[in-house]
Amino acid sequence: MTFLWAFLVGGTICLIGQFLLDVVKLTPAHTMSSLVVAGALLDGFGLYEPLVKFAGAGATVPITSFGNALVHGAMQEAEKHGIVGVITGIFEVTSAGISAAIVFGFFAAVLFKPKG
Amino acid sequence: MADQKKKKLTPVQQEYQQLAKRHEPPRPLLRNFTRAFFTGGIICLIGQGIQEMFIRYFDFTEKTAGNPTTAVLIFLSALLTGLGVYDRIAQWAGAGTSVPVTGFANSIASAAIDHRSEGFVLGVGGNMFKLAGSVIVFGVFSAFVIGIVKTLIKMGG
């Protein structure tokens, strides 16, 4: 069942992205930034976590979950160390994504030549 | 934002912009929306599959399986970008491939590959986050503001 919701919710978030590109006519960078901020805001109001529970990867794979994870990391540390934790914890949860992107991106640059 | 830009232009430039706007081909919205929905949905479906695999065979819980799943998707995306396949799919799928985390990885990998000729430090290192940078900057800054506000509310309440 989660598979169906993952497909539907993930598809819908991408649809919103396409809407921002085509109808609101934002640039791709503006679209992605808006989605990340939207994800962060949703988590701020405690609305993103229920969506993850319900749709699984449908909510964690789109870039909105990056904003959600940033807020999550910040809040986790803030609970332990107070206001300083907001700074020290921001990358706590997203570490895997960013590290993987840098490492594999670098490997790609070493191994492949530009195409087209 | 667009209106502010328009004010700075001369009347002739404004006229030209209006003319250009009239001749801009209409975007095939329905087609783009369907493609974005299906590709995005399928990428998330694959993500869900990888996640279930981590839970079943590698002793991850539902909470912790998200991180390795993201890493695997990013690896696949970097590989497909290097092979030149991802960008071909992206042309067809639009936001369907750029909104998932694979699109984030694609923007990093393709920037790294494209700028390799300028050297590893100045080219690859300096340009890797050319496209993904704004996502990180705005994500982190908004997370910071939200984190501060939430912490202050909790402290006060």
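Predicted model: local features only at pLDDT ≥ 70, side-chain atom pairs only at ≥ 80, totals over all residues.
Contact between the two chains involves 58 residues of chain A and 60 residues of chain B. On chain A, the side that touches chain B draws at least two residues from each of H1, helix H2 (28-44), helix H4 (57-60), helix H5 (64-81) and helix H7 (95-111). H1(A) gives the most to this side, with 15 residues. By residue class, the side of chain A that touches chain B consists of 41 nonpolar, 15 polar and 2 charged residues.

The largest nonpolar core comprises 71 residues. Those with the most contacts inside this core are A:Val36, A:Ile63 and A:Leu70, together with B:Ile74, B:Ala105, B:Ile108 and B:Ala112. Helix H1 (residues 2-22) of chain A gives the most to the core, with 9 residues.

Beyond its neighbours within four places in sequence, A:Ile63 is in contact with A:Met32, A:Leu35 and A:Val36 in chain A, and with B:Val99, B:Val101, B:Gly103, B:Phe104 and B:Val135 in chain B. B:Phe104 is classed as buried because it has 27 C-beta neighbours inside 10 Å, the cut-off being 20 or more. With neighbours within four places in sequence again left aside, the contacts of B:Phe104 are A:Ile63, A:Ala101, B:Ala132 and B:Val135. B:Ala90 lies 14 residues from B:Phe104 along the chain, and the C-alpha atoms of the two are separated by 12 Å.

For chain A, an unreviewed UniProt entry lists residues 6-24 and 83-112 under "transmembrane region". In the model, residues 6-24 of chain A are 89% helix and 0% strand, with the end C-alpha atoms 26 Å apart. Residues 83-112 of chain A are 77% helix and 0% strand, and the end C-alpha atoms of this span lie 44 Å apart.

Helix H2 of chain B covers residues 11-23. Its 13 residues should span 18 Å at 1.5 Å a residue, so the distance of 19 Å between its end C-alpha atoms agrees with expectation. H2(B) is hardly covered, as the count of buried residues among its 13 residues is 0.

Notes: Residues numbered from 1 in each chain as written. Chains lettered and ligands numbered in written order. Buried ≥ 20, exposed ≤ 12 C-beta atoms within 10 Å, placed from the backbone. Contact = placed C-beta atoms within 7 Å. UniProt positions renumbered as here; feature names shortened; annotations may be inferred. Helix = DSSP H or I, 4+ residues; strand = E, 2+ residues; numbered from the N terminus. Core = buried A, V, L, I, M, F, W, Y, C linked by C-beta atoms within 7 Å. Nonpolar A, V, L, I, M, F, W, Y, C, P; charged D, E, K, R; others polar. Expected span 1.5 Å × (residues − 1).
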